[in-house]
Amino acid sequence: MDNNSLASRREFVRLFAIGALGMGWCGPLRHLFVVEALAQSQGGTGTFVCDLSVTPFTTLQNTNGSIRVRVTGTPTSFAEIVITRLANNVFHAVTSRCTHAGTTVNPFNGSFILCSAHGSRFGADGAVLQGPATTPLTSYTTQFQASPPPGLLRIQIPNLG
């Protein structure tokens, strides 16, 4: 057996081990993104209703109020959403899953939504303000009904219900 064939076998084993290890670490993360995309693109759209007089939604009675909540009726693999109220009754709802590495982001802090894992910052609407993320957070359509006070917020969630 010559040294070239031995080196080739070692290189093959090394590359195979690195690939297998990478699939073990990246496979679950890839699955999270695929499940979220499927949940957002299959069949009809449902409405998630938030009564602002009920906890935890009372935080949304204030300008710059923001919460992260699990949406009932979605698969357990579907990320929580971040709901934020800005001035003039403008509401935003975005996924809580960072588009850089899949980490859960924090609620809006009055300036941005922070992914504490790697420092990505997003606007309340999910737009990328600072990387490493390059893709915005998935956003959902919101509709606010102010009357009766403190109001109801409706969020359109694909594949809900």
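Visitor: In what order do the elements of the protein run from the N terminus on?

Guide: The order is α-β-β-β-β-β-β-β-β-β-β. That makes one helix and ten strands. Both are DSSP runs numbered from the N terminus: helices are H or I with at least four residues, strands are E with at least two. This is a predicted model, in which local features need pLDDT of at least 70 and side-chain atom pairs count only at pLDDT 80 or more, while totals for chains, interfaces and linings use all residues. Residues are numbered from 1 along each chain as its sequence is written, and side-chain values use heavy atoms, with hydrogens and water left out.

Visitor: What share of the residues in the protein is buried?

Guide: Of the 161 residues, 31% are buried. Buried means under 20% relative accessible area, exposed means over 50%, and partly exposed is in between, with a 1.4 Å probe and protein chains only. The accessible surface is about 9,000 Å², and 56% of it belongs to carbon and sulfur atoms. These areas come from the Shrake-Rupley method with a 1.4 Å probe; for residues, only the protein chains shown count as cover.

Visitor: How do I read strand pairing? Which sense do β2 and β3 pair in?

Guide: Strands of a sheet pair through backbone hydrogen bonds, either parallel or antiparallel. Here two strands pair if DSSP finds at least two bridges between them. β2 and β3 are antiparallel, over four bridges. Val 69 has Ile 81 of β3 as its bridge partner. β3 also runs antiparallel to β4, joined by six bridges. There, Ile 83 stands opposite Ala 93 of β4. β3 and β4 make a hairpin with three residues between them, and Asn 88 in the turn has a positive phi of about 60°.

Visitor: Why is β3 largely enclosed by the rest of the structure?

Guide: Five of its six residues are buried, so β3 is largely enclosed.

Visitor: Which strands make up the open sheet of three, and in what order?

Guide: The order is β5-β6-β7, with antiparallel pairing. β5 (113-114) and β7 (128-130) are the edges; each has a single partner strand, so one side of each lacks a neighbour in the sheet. Two bridges pair β5 with β6 (residues 121-122). One example is Leu 114, whose bridge partner in β6 is Arg 121.

Visitor: Now charges. How many salt bridges does the count come to?

Guide: Side chains of opposite charge can pair when their charged atoms come close. The rule asks for a side-chain nitrogen of Lys or Arg within 4 Å of a carboxyl oxygen of Asp or Glu. The count is one. Glu 80 pairs with Arg 68, with the closest N and O atoms 3.0 Å apart. Glu 80 is in the loop between β2 (66-69) and β3 (81-86) and Arg 68 is in β2, so the bridge ties together parts twelve residues apart in sequence. Glu 80 is partly exposed at 22% relative accessibility. Arg 68 is partly exposed at 33%.

Visitor: What lies 2.9 Å from the backbone oxygen of Glu 80?

Guide: A polar atom of the Ser 96 side chain. A polar contact is a pair of N or O atoms within 3.5 Å; within protein, one must be able to donate a hydrogen and the other to accept it, and residues adjacent in sequence count only if both atoms are side-chain atoms. Ser 96 is in the loop between β4 (90-95) and β5. Ser 96 is buried, at 2% relative accessible area. Residues that Ser 96 touches include Arg 68, Glu 80 and Thr 103, leaving out those up to four places away in sequence. Contact means heavy atoms within 4.5 Å.

Visitor: How many aromatic pairs does a search of the whole structure find?

Guide: A pair of aromatic rings is described by the distance of the centres and the angle of the planes. Rings of Phe, Tyr and Trp (its six-membered ring) pair if their centres lie within 6.5 Å; planes under 30 degrees apart are stacked, over 60 edge-to-face, the rest tilted. The search finds three pairs. Phe 48 and Phe 57 have centres 6.3 Å apart and planes at 70°, so they are edge-to-face. Phe 48 is buried at 9%, and Phe 57 is buried at 12%. Phe 78 and Tyr 140 form a tilted pair, 6.3 Å centre to centre with 45° between the planes. Phe 78 is in the loop between β2 and β3 and Tyr 140 is in β8 (residues 139-140), 62 residues apart.

Visitor: Where is the place of Asp 51?

Guide: Asp 51 is in strand β1 (residues 45-51). Its side chain makes a polar contact of 2.7 Å with that of Ser 53. Asp 51 and Leu 152 are 101 residues apart in sequence, yet 4.8 Å apart C-alpha to C-alpha.
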